[in-house]
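Let's take a walk through this model together. Have the sequence and the 3D view at hand as we go.

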Amino acid sequence: MTGQYTEGFLQQLPRNSAGELDISRRYPLSRTQEVIVGRDSSCQIVLDSNIYGMVSRRHVVFRPMLNSGIQRRWLICDLNSANGTYVNGRRLEQCQELRAGDRITLGYNGAEFVFEYTTHLQHTLQSAPKEALQLVRTSSSEQSVSFTQLFPIAATAKDLTSKAYLIPGVLTVIFVVLMFATVGRPETAYFNQILVAIYLAGAAYYFIYQLCGKRKPWWAILGVAIASFLILLSPILPLFIFVFRGLLPGHIPLTADSVSFPELLMRMFFGAGLMEELLKALPVLCAYIIGRRLQSPWRERIGIAEPLDGILLGTASAMSFTLVETLRQYVPEITHNAAAQGGVGELVGFQLLIPRILGSIAGHMAYSGYFGYFIGLSVLKSRKRWRILGTGYLSAAILHALWNATGLLSSLLLAVVGVVSYAFLTAAILKARVISPTRSQNFATWFGKRS
């Protein structure tokens, strides 16, 4: 005789935001008894409390129900968990019947499972030995194909956006289409430079964002970038130039031959380091002031509650600063000079644009992100606020001055300073992740871990 039976199971998804290979776990669901998931050792599926602190001790239960004959279906019920249970992104109120491909999340950004089931043929062999029956069941299981195996997007659609797999590809396609639409049109050459600059700057910032591992609303990041752009177009910039390069000894020479290296370094310290780092920090400080006047959770979303916030907003301001400086000053100047000398001005402009934008990770982003770390640290250690801010401001200004001064002397020294600046930034990011109050929710700390 031949019949059918249904086998349900939970596929736990690996906590890996980088797309690296990781081992997931598969838990079978009982066809006769409840299966409870939580951090308590009495649960049938026990989750590590060090990794899943947002999961309750007894968080959720899966209950088998008889459908027809020997076929089964399963219900999921929340056990009054503190952080809730979500099925396909919607919070579970009481109980709900599960369907193949349902995505289950325990708490905000907590453990994730996909529910699947397979239907097997069950042969009843009255005269066959027990080993033969087991062989038939094993063979049937190997041939079965689940719904999410046939349609992978049913189980991974959420990952495409929540784990940022889809967004970079979509943006790349958009920029490529815009570039193709303007190919061969001389009047759109500057527009193409803007497109390439924005794309490269966005990619550089995305790299920093992934290193930080803290989710910050895109509109808060964009707001700081726009504020930095507006500051550079306002009377604030001429005022800073007058103070730092006029009143203070920050006048920057056109060539390094006219002054000694110590004097050049001092001028760069005042005229580039102190001036530009303070300019880029103004939008970050404004975000902090605005955040203080708001209630939670808007205070944390917009303002600065920890060093990671300062790094994210500081590098966003630096990204905008780099774009304005490159597109409004350096590229037009070198393009005009190359065209006047009979050269291909636009090509030379592109040659300058690409290394300047990509180099901002070891340049403006490094200094401002490093200073942003100290701004966020001053929020956590408010009693030492001015000492912390002073240390960060001077450190960022010194790195900035070294970069500018060595750039006029030697490409080798410039590379060394760039590596050191990038090392300072990454060290600040790693330290900020360690001391972060929201470390358990940091997606960068999940890299390489197994669920």
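How are helix 12 and helix 13 oriented to each other, roughly parallel or roughly antiparallel? Before we get there, some housekeeping. This is a predicted model, where local features need pLDDT of at least 70, side-chain atom pairs count only at pLDDT 80 or more, and totals for chains, interfaces and linings use all residues. Residues are numbered from 1 along each chain as its sequence is written, and side-chain values use heavy atoms, with hydrogens and water left out.

Helices here are DSSP runs of H or I with at least four residues, strands are runs of E with at least two, and both are numbered from the N terminus. Two packed helices are described by the angle between their axes and the distance between the axes. The axes are lines fitted to C-alpha atoms, for helices over the stretch in contact, and angles run from 0 to 180 degrees between N-to-C directions.

Now for that pair. Helix 12 and helix 13 (residues 385–407) pack at about 175°, and their axes are 8 Å apart. Helix 12 and helix 13 are therefore roughly antiparallel to each other (under 35 degrees counts as roughly parallel, over 145 as roughly antiparallel, 65 to 115 as roughly perpendicular and the rest as oblique). Their contact (heavy atoms within 4.5 Å) includes Y367, F371 and I375 of helix 12 along with L389, Y393 and W403 of helix 13. The contact residues divide into 12 nonpolar, 6 polar and 1 charged. For these classes, Ala, Val, Leu, Ile, Met, Phe, Trp, Tyr, Cys and Pro count as nonpolar, Asp, Glu, Lys and Arg as charged, and the others, Gly among them, as polar.

A search of the whole structure finds 1 cavity of 30 Å³ or more. On a 1 Å grid over the protein atoms alone, a cavity is a set of points where a 1.4 Å probe fits but cannot get out, and lining residues have an atom within 4 Å of a point. The largest cavity is lined by K280, A281, V284, G314, S368, F371, G372 and I375. Helix 8 (261–292) and helix 12 (364–380) are the elements giving two or more residues to that lining, and helix 12 gives the most, with 4 residues. Sorted by class, the lining has 4 nonpolar, 3 polar and 1 charged residues.

Helix 8 has a packing partner too. Helix 7 (residues 236–247) and helix 8 meet at about 150°, with axes 9 Å apart.

The peptide bond from S296 to P297 is cis, with omega near 10°, and P297 is found in the loop between helix 8 and helix 9 (298–302).

One last stop takes us back to the strands. N80 lies in the loop between strand 6 (71–78) and strand 7 (85–87). Phi of N80 is near 55°, a positive value in a residue other than glycine.

Notes:
On a 1 Å grid over the protein atoms alone, a cavity is a set of points where a 1.4 Å probe fits but cannot get out, and a pocket is an open set with protein on both sides within 12 Å along at least five of seven lines; lining residues have an atom within 4 Å of a point. Grid points are joined across faces, edges and corners, and a volume is the space filled by probe spheres set on the points.
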